[in-house]
Amino acid sequence: MAMQGIMGMLRNAMPAASAKHTVLGVFSDAESAATAGDELKSAGIPDTDYDFLTDSPYPEGSLGERDEPHRLYLYPFIGALLGLSSGIMITAMTQVAYPLVTGGKPVLSLPPMAIVCYEGTMLGAILFTVIGIVFESRLPKFDLGLYDNRITQGFLGLRVKAEPEQSREVVQIMNAAGAVDVKTDQ
Amino acid sequence: MASEAHAQPGPGHDHDAHGVASPGHDSHEHGHFGPEMWVIPERSELVSGVVQRQQEGSSLLRWVFIVGGILTILGIVGFVLKLVTVGFSDHNDWGFYVAAFAFVFTLSASAPLAACAFRFTKSHWRRPLTRIAEVFSVVSIVNILLFIPALIALPEIGVMTESGEEMVRRSIWFQELSNPSGWLMASMIGLVFCSLSILWLSAMPDMAQSRSMMTGFRASLYARLAGGWYGTKRQWQIQKGGLAILGGLYFMLVVFVQFLIVSDFAMAMIPGWKDSILPPFYTVISFQGGLAAILLTAYALRRWGGYREYMGQAPFWAASKVLLGLTLLHTYHLFAFFITYWYGRLEVEQAILNYLMFKSYIGIFWAQLFFTFFIPFPILVSNHARREGWGAPLAAVFILIGLMLFHIRIFAAAFAAAPADLHGLYYLPSDAFSFPALLLPPPGATFPDLWDIFMLLGGVGIVLFLLRVALMVLPPLCLWEMKEGSMYQRVDTLIRGRYLVLAKPE
């Protein structure tokens, strides 16, 4: 049932995604790109349908872009918990399986367990953080899609997914806002 | 002093700011500071300029490659001949190898931390230094290989006597574990994985931006590693968050691995050496050495590598104060180590002081103290030397020599201290509370043989060689951070002087 549900979702999603056209506007300055973003919003294009492409991180909200919530911070906690659990299990089971009283200390002593537990916690947190980065960044993406190398020289890109009937209007908005170039995937 | 403005560089601001010419390129009055103090590269030419320089190379980098390669080969020859002549049967023979390994580990594991730490502080002067710091992650790959012989040379924690009794040696691990190699190796692999992840995450935008200008192997590598990066807000956010989380985890892990290394390969090798100061001392000296290596590399690239127009004096000026702080902290920990044992006056404490400081290794101890404190301290205190940019790299040369001497004094001496027998490393559990008298009188210093010298040189060589290889593959400047910096910095006039104006959006 679950598999059928996922397949159904994919079937529903695929035609919708492929039906939209992609338009990339290239801007020489941030002000023009931000203006184009504002105009797209005014034209009724949802802000989830366009992205600014930049060669370096811009300050939060400076382009009028949407917030991008993510859950990256959860991954290290999950990894750390799993690593800690593994460390506790390995050390406790070892000591119970081979009980050896050392220096009059209890068989299950926390100080010697702490070293292995700490290491397990760290390794788990690191591994899950890297997995989280790959997953949350939506990487790897083998098809780069529309892109312009001038973005690497300080230009800004504004990539829009628009319905076919809207794509002409999107091109006009970008040109009016001062785009130095506008490309489409059609 | 830089004037600091908490401006919001909103839309419309950025390209005006990008176009600010490097102070090295204009002829304005520079006030109190020289024209090379702040260099803000032109944003639009940064990628192409750095890629071109990277592909051209320089005579400095060619020499680093040749010298590093020759020294690495010498190290391999020394290791093989040592192995053939003495084998791994006696740990006493492998002290200098462990010293060479620990030296490479110290530099390559601590240097990437500087990138994370300076990024946490959101300082602008860090920008030309971060990639150089991160590139040491590539050097750290060799730590895994170098660690294997060191683990083999490490004596077992428990051994059986002919009469069937189990003898143990003191260590931080469970005594029922015959050898903690698995956990030690796992920690080392985890550390290398984490530092490489930081490098990958940081370099991904740069590789994406320069992949179209690269040819051959680099073009293919960049295309694979960049993974379809195109710089959306989400990608930048995840990158920023990922670098912060991994940086924090790296700090927590590197300190832990340093604790393991210095505890297992130094302290545990001298029975009775119970010192709570040595692990933090080792961490401080590692940070000092890591920062010294970064500053020396950055200075060499700036002075002889063709990157003068991308790096001003400001990074050296600012980082030299951090280096001065670490140098003082190092000396404080050294004194704390000494005074605790000197005041404690237990027999074993006096024996350890005599062995490591005042009798057996007195020459190396004083040489190390001169190289890590008495020579760099006055250089780093001098405001002139700091501001001109050459002070910190010069001090770094001495600090790195001192760092090598430190490793010889601590690790080679520890491996040479105790024979692997009942009256040396091992004791019966029933004798747990009665220590045998050790190091009384302190044995003489162990001198390296020819193969040991080769291995020590190999330790230096492998760092140089891999650093050069890494700089062949990756640009030595963090391009996206430099571009971000050019958005937030400009040199402007205040009254009659030219000063740096900074925007701090967060």
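# Reading the A–B interface

Me: Which residue forms a salt bridge with Arg234(B), and how far apart are the closest N and O atoms?

Reply: The partner is Glu136(A), with the closest N and O atoms 2.8 Å apart. Keep in mind that this is a predicted model. The 2.8 Å separation falls inside the cut-off, because a salt bridge needs a Lys or Arg side-chain nitrogen within 4 Å of an Asp or Glu carboxyl oxygen.

Me: How many salt bridges are there between chain A and chain B?

Reply: The count is 6. Polar contacts are a separate tally: 17 residue pairs across the interface, with both residues at pLDDT 80 or more.

Me: How is the size of an interface often given?

Reply: Often as the accessible area lost when the parts come together. Here, chain A and chain B bury about 5,300 Å² between them. Carbon and sulfur atoms account for 67% of that area. On the chain A side, Pro57(A), Glu119(A) and Ile126(A) lose the most area to chain B, together 12% of what that side buries. As a residue count, 61 residues of chain A are in contact with 56 of chain B.

Me: Now a single residue. Is Arg66(A) buried or exposed?

Reply: Buried. Its relative accessible area is 17%, and the label applies because the cut-off for buried is under 20%. Arg66(A) sits in the loop between strand 2 and helix 3 of chain A.

Me: What does Arg66(A) touch, leaving out residues up to four places away in sequence?

Reply: From chain A, Asp47(A), Thr48(A), Tyr50(A) and Asp51(A); from chain B, Lys233(B). With Asp51(A), the side chain of Arg66(A) makes a polar contact of 3.2 Å.

Me: Zoom out. How many helices and strands are there in chain A?

Reply: Chain A has 5 helices and 4 strands. From the N terminus the order is α-β-α-β-α-α-β-α-β. Of its 186 residues, 42% are buried.

Me: What share of the contacts in chain A with a separation of 6 or more comes from residues 24 or more positions apart?

Reply: That share is 80%. As for surface, the accessible area of chain A comes to about 9,900 Å², and 64% of it belongs to carbon and sulfur atoms.

How values were computed
Residues are numbered from 1 along each chain as its sequence is written. Chains are lettered from A and ligands numbered from 1 in the order in which they are written. This is a predicted model: local features need pLDDT of at least 70, side-chain atom pairs count only at pLDDT 80 or more; totals for chains, interfaces and linings use all residues. Side-chain values use heavy atoms; hydrogens and water are left out. Contact means heavy atoms within 4.5 Å. Buried area is the accessible area (1.4 Å probe) that two parts lose on being put together, summed over both. A polar contact is a pair of N or O atoms within 3.5 Å; within protein, one must be able to donate a hydrogen and the other to accept it, and residues adjacent in sequence count only if both atoms are side-chain atoms. Helices (H or I, at least four residues) and strands (E, at least two) are DSSP runs, numbered from the N terminus. Buried means under 20% relative accessible area, exposed over 50%, partly exposed in between (1.4 Å probe, protein chains only). Accessible areas come from the Shrake-Rupley method with a 1.4 Å probe; for residues, only the protein chains shown count as cover.
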